[in-house]
Amino acid sequence: MFLKLLSYPRSLLGAILLPIHTVLCSAAMVICNILFNNRKLEDHIVEFWTRNCCRMFNVKVEVKGLENRPDGGFLYVFNHTSFFDIFAMNGWLGSFRFGAKIELFSIPVFGAGMRRAGILPIARNRRDEVFKVYQAAEARIKAGERFALAPEGTRQKTETLGSFKSGPFIFAISAKAPIVPVIVKGAAAIMSKGQLVPNWGVWSRTITLEVLPPVSTEGYTIEDRPILQEKVRKMMEPYFAVDNF
């Protein structure tokens, strides 16, 4: 009971500090990118930002299956329910860059930090623009960069697997990049869609990330996209059966 009561001021304090911490890390990203343009240094900033976002709300992260990550460039696809998906994955799954809705890039300082970090701007309602972004990123993934996209296209309200969009799979096929599914559990309970204060009334929670074996895109054409999409979905679906929660 004491820890539950203590969680309320902790969460309020975290909610105040989170945007300040985010602005400072975003400014550091802009400055470091301009002065040094060093990916490892920028990755340290991302890791520092996201791990501290979790620490503020006493969120622990457990990771399974890191050995499943292939060498070189690949695409993470993951079930998306919370901003804490982003914090957990960026803090504990190594160097990669997310695709983020383009509206976030208009936030002062934070938007500039995302652009400097190489985050992909996704205009959800402008399909042609999205595919131009993917096309421009193909060279980066072929050069060994890694990305993460939510195949559902938006956050789900609960930890269920929503319908998949075609974009991430077309991107992976075009870039000839393996797809690495990631199962995220526990993030929705911390801060679900529409919730303002994380971990309200709970002292500590744990997010589990499970990295599944990679799915090769070799031999697939754009016309084969539904087959690849269904293959990845069938790999992820068993983790959302009622018995697994």
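## Buried spots and paired helices in a predicted model

Ser 11 is buried, at a relative accessible area of 0%. Keep in mind that this is a predicted model.

Q: Which helix does Ser 11 lie in, and which residues does Ser 11 touch, leaving out those up to four places away in sequence?
A: Start with the helix: Ser 11 belongs to H1. Leaving out residues up to four places away in sequence, the contacts of Ser 11 are Phe 57, Val 197, Pro 198, Asn 199 and Trp 200.

Q: How many Å apart in space are Ser 11 and Ala 187, C-alpha to C-alpha?
A: Along the sequence, 176 residues separate Ser 11 from Ala 187. In space, going from C-alpha to C-alpha, the gap is 15 Å.

Q: Are H1 and H2 roughly parallel or roughly antiparallel to each other?
A: H1 runs over residues 2-35 and H2 over residues 39-56, and their axes come within 9 Å. Those axes cross at roughly 175°. Angles over 145 degrees count as roughly antiparallel. H1 and H2 are therefore roughly antiparallel.

Q: How many nonpolar residues does the contact of H1 with H2 have?
A: On the H1 side, the residues that meet H2 include Leu 17, Leu 18, Cys 25 and Met 29. From H2 come, among them, Ile 45, Val 46, Phe 48 and Trp 49. Sorted by class, the contact has 2 charged residues, 5 polar ones and, for the nonpolar class, 13.

Q: How many disulfides does the structure hold, and how far from the sulfur of Cys 53 is the nearest cysteine sulfur?
A: A disulfide needs two cysteine sulfur atoms within 2.5 Å. The count for this structure is 0. Cys 53 is in no disulfide, and its nearest cysteine sulfur, belonging to Cys 54, sits at 7.0 Å.

Q: Is Cys 54 buried or exposed?
A: Cys 54 is in no disulfide either, with the sulfur of Cys 53 as its nearest cysteine sulfur. Under 20% relative accessible area counts as buried. Cys 54 has 0% relative accessibility, so Cys 54 is buried.

Q: What percentage of the chain is helix over the residues that UniProt gives as "transmembrane region"?
A: The unreviewed UniProt entry puts that feature at residues 12-36.

Q: Over the residues of the UniProt domain "Phospholipid/glycerol acyltransferase", how far apart are the end C-alpha atoms?
A: According to the unreviewed UniProt entry, that domain covers residues 74-187. The chain there is 39% helix and 19% strand. From one end C-alpha atom to the other is 23 Å.

Terms used: Residues are numbered from 1 along each chain as its sequence is written. This is a predicted model: local features need pLDDT of at least 70, side-chain atom pairs count only at pLDDT 80 or more; totals for chains, interfaces and linings use all residues. Side-chain values use heavy atoms; hydrogens and water are left out. Axes are lines fitted to C-alpha atoms, for helices over the stretch in contact, and angles run from 0 to 180 degrees between N-to-C directions. Helices (H or I, at least four residues) and strands (E, at least two) are DSSP runs, numbered from the N terminus. Angles under 35 degrees count as roughly parallel, over 145 as roughly antiparallel, 65 to 115 as roughly perpendicular and the rest as oblique. Contact means heavy atoms within 4.5 Å. Ala, Val, Leu, Ile, Met, Phe, Trp, Tyr, Cys and Pro count as nonpolar, Asp, Glu, Lys and Arg as charged, and the others, Gly among them, as polar. UniProt positions are given in the numbering used here, feature names are shortened, and annotations may be inferred rather than shown by experiment. Buried means under 20% relative accessible area, exposed over 50%, partly exposed in between (1.4 Å probe, protein chains only).
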